[in-house]
Amino acid sequence: MSKVEITLQDILWALRKYLVWIVLATIVFGVGSWFYTKNYVQPTYHTSMSFAIRASSRVNGALTAGEQTADARLASLCCELLKSDRIAREVSTELNGFVPAIAVKGMITAYAGKDSPVINIRLNGSSPDSVYRVARAIEKVAPQVIPELAGAGELNLINEPIRPNFPISPNLKQDVTLGILAGLALSIAVVVLIAILDTTIWREEDLERAFDIPVLGTVPSMSATAQHTSTKRRNS
């Protein structure tokens, strides 16, 4: 036998009945998220820089449409070259092997806007020192190596990198909040599932829904005190 349907009253009753467990589960998930983030999630530090690329030297201050298109295309090519093995090796050599070439390559993300000669470089890493030193090495290496690899162009620094003081991730407050919400949602879902699967008859309404028959009458329950008084009277 199972309930034909579950009402909002049934859900609220179940939530009230298991309120302590819901609160405990929410606290456990929140504390667990804090502990995991604090001890097992590696922090990530970030810095950025940007270059402007010229496909050819400018005779005068005017910039033609053709020159602008050439600069934009070269900027797109340079973004790919910045992520090449050659750049990674040159940067690692500049740092005397402080950061391996494979690690350097994994730090770099480069992109250029549409029809823009500006190359934006983002660097992410687990150490603020390594991120900053790699950025400074790129600042020295890129203007020399990129034009060589591209076969043309002149690279000029626009924005210098800044040493990061704080990690961009993990976000401890956000992770703990998500853990609390996950614990709350999961515990409520379990309680609702228990209420749905519960076949116990608690009220007249449950009996009517389960058997589709009207209830003609009920037998009142007797408290322990009343039973004790009745027993005492019989014995006297």
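This is a predicted model: local features need pLDDT of at least 70, side-chain atom pairs count only at pLDDT 80 or more; totals for chains, interfaces and linings use all residues.
Residues are numbered from 1 along each chain as its sequence is written, and side-chain values use heavy atoms, with hydrogens and water left out.

**Chain**
- The chain has 9 helices and 4 strands, taken as DSSP runs numbered from the N terminus (helices H or I, at least four residues; strands E, at least two).
- Of the 236 residues in the chain, 26% are buried, meaning under 20% relative accessible area with a 1.4 Å probe, protein chains only.

**Helix 1 and helix 7**
- Helix 1 (residues 8-17) packs with helix 7 at an angle of about 120°, the axes being 9 Å apart, where axes are lines fitted to C-alpha atoms over the stretch in contact and angles run from 0 to 180 degrees between N-to-C directions.
- Ile11, Ala14 and Leu15 of helix 1 make the contact with Ile188, Val191, Val192 and Ala195 of helix 7, contact meaning heavy atoms within 4.5 Å.

**Ser187**
- Ser187 lies in helix 7 (residues 172-197) and is buried, with a relative accessible area of 10%.
- The side chain of Ser187 reaches the backbone oxygen of Leu184 at 2.9 Å.
- Leaving aside neighbours within four places in sequence, Ser187 is in contact with Ile22, Ala25 and Thr26.

Methods:
Buried means under 20% relative accessible area, exposed over 50%, partly exposed in between (1.4 Å probe, protein chains only). A polar contact is a pair of N or O atoms within 3.5 Å; within protein, one must be able to donate a hydrogen and the other to accept it, and residues adjacent in sequence count only if both atoms are side-chain atoms.
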